[in-house]
Amino acid sequence: MTTRRELLRTAAVAVAASAFSSVASAQAAPAFQLPALPYAVDALEPHIDAQTMTIHHTKHHQAYVTNLVNALKDQQALASKPLPALLADLNSVPEPIRMAVRNNGGGHANHSLFWRLMKKNGGGAPTGDVAKAINAKFGSFDKFKEELSGAGMRQFGSGWAWLSVDKSKQLVLSATPNQDNPWMLGHSPILGVDVWEHAYYLRYQNRRADYLAAWWNTINWDVVNEEYAKALKG
Ligand code: MN3
């Protein structure tokens with residue numbers, strides 16, 4: 001016969017077990033996940049259309065996340081490293097999965113930053129310390145726009161154009177192919193633009209220059225300033 005005390009003990013064990021399993025499943029959650037967009041999919045209209053944003057975020061970015069998780073499924077130590085650190089030290093990644101980590105880890109990191117760098121009713125002139133640093137480095141905002149857009153235009157095929165902070169805390173402009181990025185050099189990107197055709201083809205077809213001109217109207221300079229401050233500290 002089951003006593004009341006035994007029933008209580010059984011119940012307590014069951015509660016403890018369920019608490020443990022929820023902790024265990026939280027720990028087993030994938031290290032890499034698709035971040036939500038920080039705005040509605042149509043927030044960047046008319047500059048970037050809702051259909052492009054939806055496909056870009058839920059298909060392209062999701063695929064980088066899925067492929068990164070798969071590539072690192074047997075590499076717990078690497079999977080728990082911060083992504084910028086992992087990208088800055090690709091030689092620590094076993095050769096058979098190194099290219100998958102470079103492409104998909106890069107894709108995940110690049111897009112996670114890219115979404116945050118834009119907002120509804122963004123654009124205009126830069127603000128804060130970034131404005132001062134851009135003027136000091138490039139002479140004026142207009143000159144900087146011309147140079148970053150130029151880097152994006154000259155990038156042959158798929159890639160990105162970037163403004164980063166290098167190891168000596170100086171602003172540096174660059175372009176990278178595919179999903180390569182400034183983190184691979186130990187730099188901290190603070191502004192970047194995706195020039196893969198998937199970022200603009202539905203609305204702009206082959207007109208990358210028109211897409212780049214429109215993209216300047218989406219920039220969230222508050223986030224660029226946040227990233228700049230982090231890069232100077234880091
Ligand atoms: Mn993209």
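**Exercise 1.** Is Asp-129 exposed or partly exposed, and at what relative accessibility?

*Solution.* The model is predicted: local features need pLDDT of at least 70 and side-chain atom pairs pLDDT 80 or more, while totals for chains, interfaces and linings use all residues. Residues are numbered from 1 along each chain as its sequence is written, and side-chain values use heavy atoms, without hydrogens and water.

Step 1. Take the classes: buried is under 20% relative accessible area, exposed over 50%, partly exposed in between (1.4 Å probe, protein chains only).
Step 2. Asp-129 has 47% relative accessibility and therefore counts as partly exposed.
Step 3. Its salt-bridge partner Lys-132 counts as exposed, at 60%. A salt bridge here is a side-chain nitrogen of Lys or Arg within 4 Å of a carboxyl oxygen of Asp or Glu; for this pair the N to O value is 3.6 Å.

**Exercise 2.** Find which parts the salt bridge between Arg-116 and Glu-226 ties together.

*Solution.* 
Step 1. The closest N and O atoms of Arg-116 and Glu-226 are 3.5 Å apart.
Step 2. Arg-116 lies in helix H5 and Glu-226 in helix H10, so the pair ties together parts 110 residues apart in sequence. Helices are DSSP runs (H or I, at least four residues), numbered from the N terminus.
Step 3. Arg-116 is partly exposed at 30%, and Glu-226 is partly exposed at 44%.

Conventions
Helix = DSSP H or I, 4+ residues; strand = E, 2+ residues; numbered from the N terminus.
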